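These are my notebook entries on one structure. I looked up helix packing, strand pairing and the surroundings of selected residues.

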Amino acid sequence: MQLREVDRQTLLEQFRSVRLASVAMCKPLSAEEHRIQPMADASPPWWNLGHTSWFFVRNVIEPFGGERLPEDADFDFVLNSYYVSLGSRVPRPRRGLISRPTNDEIYRYRATVDQRVEHLLETASDDRLEELSFVLTVGMHHERQHQELFYTEIKNILYQNPPPLRRPYREIAAASPAAEPPGGWEFIEFEGGLHEFGCLEDGWCWDNELPVHKYYLPDFAFADRLVTNGEYLEFVEDGAYRSQLLWLDNGWARAQEEGWEAPLYWEQRDGRWWIWTLGGLRELDPNEPVCHVGFYEADAFARWKSETNARLRGARLPTEREWEYAARTAGVDAVHANLLDSGRLHPAAPACSSSPISAMLGDVWEWTSSYYEPYPGYRPFRGTLAEYNGKFMDNQRVLRGGSCVTERDHVRISYRNFWSAAARFQFTGFRLARDAG
């Protein structure tokens with residue numbers, strides 16, 4: 001099927017918007033802040049700016065006969081991420097040790113890539129336009145993912161400075177306080193059965209959201225809201241980080257190795273708890289969703305709650321299909337969601353919702369108990385893009401729902417995010433579920 005000329009112009013506008021957004025995100029940064037890599041999971045901003053451009057060079061410009069420049073070859077080794085089929089690369093933990101290309105060289109490189117991609121899009125023959133459109137769309141969604149990573153990475157970069165020298169990424173407005181503290185969870189019951197899962201809605205999606213398939217769910221109950229800071233603080237103050245029986249063995253080992261005592265970015269000063277945000281240090285709001293906890297912490301909390309509260313006996317993390325079915329059945333949408341365009345860059349206390357379940361899209365990515373595995377009949381994208389998702393279906397956990405730094409047009413009910421169980425630097429939180437009855 002050939003795309004109409006209007007689609008060519010729409011793609012061009014979308015491409016320009018995505019590319020400009022990455023540059024705009026970096027404007028508040030100093031030259032030094034472009035280069036810092038505080039941990040292996042977080043790449044320095046200069047590298048993200050370069051890598052997202054490299055992606056278009058290797059997957060759009062080269063395959064579609066665009067102009068090649070000397071810097072494409074010069075930067076190839078430095079800017080490849082995990083594409084084994086596209087050659088060797090700098091080990092991820094060493095990206096912050098590299099002084100070239102410079103920041104200026106990376107920005108110039110981005111500009112040349114943009115010009116070459118736009119020329120290809122404007123001049124591509126009709127018989128190649130549909131294929132070009134697909135790969136270009138993958139590249140734009142790939143860059144959206146790196147834009148979300150940017151916020152989590154710069155938050156961690158700025159946090160590394162000693163407290164007297166810390167500065168916020170930028171000024172952000174504090175969310176309006178909740179009208180009243182959230183009460184105990186209400187568990188909404190859902191009838192099980194054989195249901196369809198995957199990207200049922202119209203529109204583009206990643207290969208890991210397909211194919212649509214049927215899966216049998218037992219009856220289950222789903223919490224109407226996320227776990228809050230105040231509720232998690234009870235877990236902390238009850239000594240849960242020192243109670244081995246609450247933890248999976250790998251989680252306990254990681255907590256001891258890294259000295260976990262509370263969620264990432266929590267600090268206790270003079271008997272009061274504070275949290276580092278992209279807008280600076282703030283006193284902990286007990287009504288906001290807890291954030292920056294890994295799967296191991298969420299799982300331990302569920303076990304602790306089940307053991308200490310008779311009303312919550314059997315509390316656990318939901319499976320990813322329970323999450324998806326609950327969201328779709330409850331009519332969850334992103335209309336009032338706290339996403340990137342809200343400008344808060346931080347989770348917000350529960351607000352009014354047309355759904356009986358609040359904040360399933362936005363605020364925090366929600367941990368599920370599910371391992372990241374292929375759906376029955378899974379087929380990866382063709383060519384080098386087959387490395388994008390499929391090869392990571394190994395010992396990762398699935399998260400759902402998007403966060404306060406997810407772009408609105410990049411979130412949907414079927415979206416499957418995934419991280420290692422110990423990852424804490426993303427905007428991650430959780431809610432509880434349990435078997436029905």
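**Entry 1: helix 2 and helix 3**

I began with helix 2 and helix 3, whose crossing is left-handed (the near helix is turned anticlockwise from the far one by less than a right angle; clockwise would be right-handed). Helices and strands are DSSP runs numbered from the N terminus, helices being H or I of at least four residues and strands E of at least two. The contact, meaning heavy atoms within 4.5 Å, involves Trp46, Trp47, Gly50, His51, Trp54, Val57 and Arg58 on helix 2, and Asp72, Asp76, Val78 and Leu79 on helix 3. Sorted by class, I found six nonpolar, two polar and three charged residues in this contact. Here Ala, Val, Leu, Ile, Met, Phe, Trp, Tyr, Cys and Pro count as nonpolar, Asp, Glu, Lys and Arg as charged, and the others, Gly among them, as polar.

For the geometry, I noted that helix 2 (residues 45-61) and helix 3 (residues 70-79) pack at about 120 degrees, with axes 10 Å apart. That angle makes helix 2 oblique to helix 3. The axes are lines fitted to C-alpha atoms, for helices over the stretch in contact, and angles run from 0 to 180 degrees between N-to-C directions. Under 35 degrees counts as roughly parallel, over 145 as roughly antiparallel, 65 to 115 as roughly perpendicular, and the rest as oblique.

**Entry 2: basis of the values**

I recorded that the model is predicted, that local features need pLDDT of at least 70 and side-chain atom pairs pLDDT 80 or more, and that totals for chains, interfaces and linings use all residues. Residues are numbered from 1 along each chain as its sequence is written, and side-chain values use heavy atoms, with hydrogens and water left out.

**Entry 3: helix 6 and helix 8**

I next took helix 6 (residues 229-237), in which Asn229, Glu231, Tyr232, Leu233, Phe235 and Val236 are buried. Buried means under 20% relative accessible area, exposed over 50%, and partly exposed in between, with a 1.4 Å probe and protein chains only. The cover over these residues includes strand 5 (266-269), strand 6 and helix 8. Just after helix 6, glycine 239 has a positive phi of about 80 degrees.

Helix 6 packs with helix 8 at an angle of about 80 degrees, the axes being 11 Å apart. The two helices are therefore roughly perpendicular to each other. Glu231, Tyr232, Glu234 and Phe235 of helix 6 meet Glu297, Ala300, Phe301, Trp304 and Lys305 of helix 8. I counted five nonpolar, no polar and four charged residues in that contact.

Helix 8 (residues 295-308) also holds aspartate 299. Is aspartate 299 buried or exposed? It is buried, with a relative accessible area of 13%. Leaving out residues up to four places away in sequence, aspartate 299 touches Leu248 and Leu317.

I then traced an open sheet of three strands in the order 1-4-12, with antiparallel pairing; two strands pair if DSSP finds at least two bridges between them. Strand 1 (187-190) and strand 12 (433-435) are the edges, each with a single partner strand, so one side of each lacks a neighbour in the sheet. The twist averages 25 degrees from one strand to the next. Strand 4 (residues 220-223) and strand 12 are antiparallel and joined by three bridges, and alanine 221 has arginine 434 of strand 12 as its bridge partner. Helix 9 packs on this sheet, touching strand 1, strand 4 and strand 12, and its direction makes about 75 degrees with that of strand 4.

How many of the 10 residues of helix 9 (residues 320-329) are buried? Eight are, so helix 9 is largely enclosed by the rest of the structure. Among the buried residues I list Arg321, Trp323 and Tyr325.

**Entry 4: tyrosine 215**

I located tyrosine 215 in strand 3 (residues 213-217). Its relative accessibility of 38% makes tyrosine 215 partly exposed. Its contacts, apart from neighbours within four places in sequence, are Gly193, Leu194, His195, Phe197 and Arg321. Tyrosine 215 and proline 376 are 161 residues apart in sequence, with 9.7 Å from C-alpha to C-alpha.

**Entry 5: a hairpin**

Last, I checked strand 6 (residues 272-277) and strand 7 (residues 280-283), which run antiparallel and are joined by four bridges. They form a hairpin with two residues between them. Isoleucine 275 stands opposite arginine 282 of strand 7.
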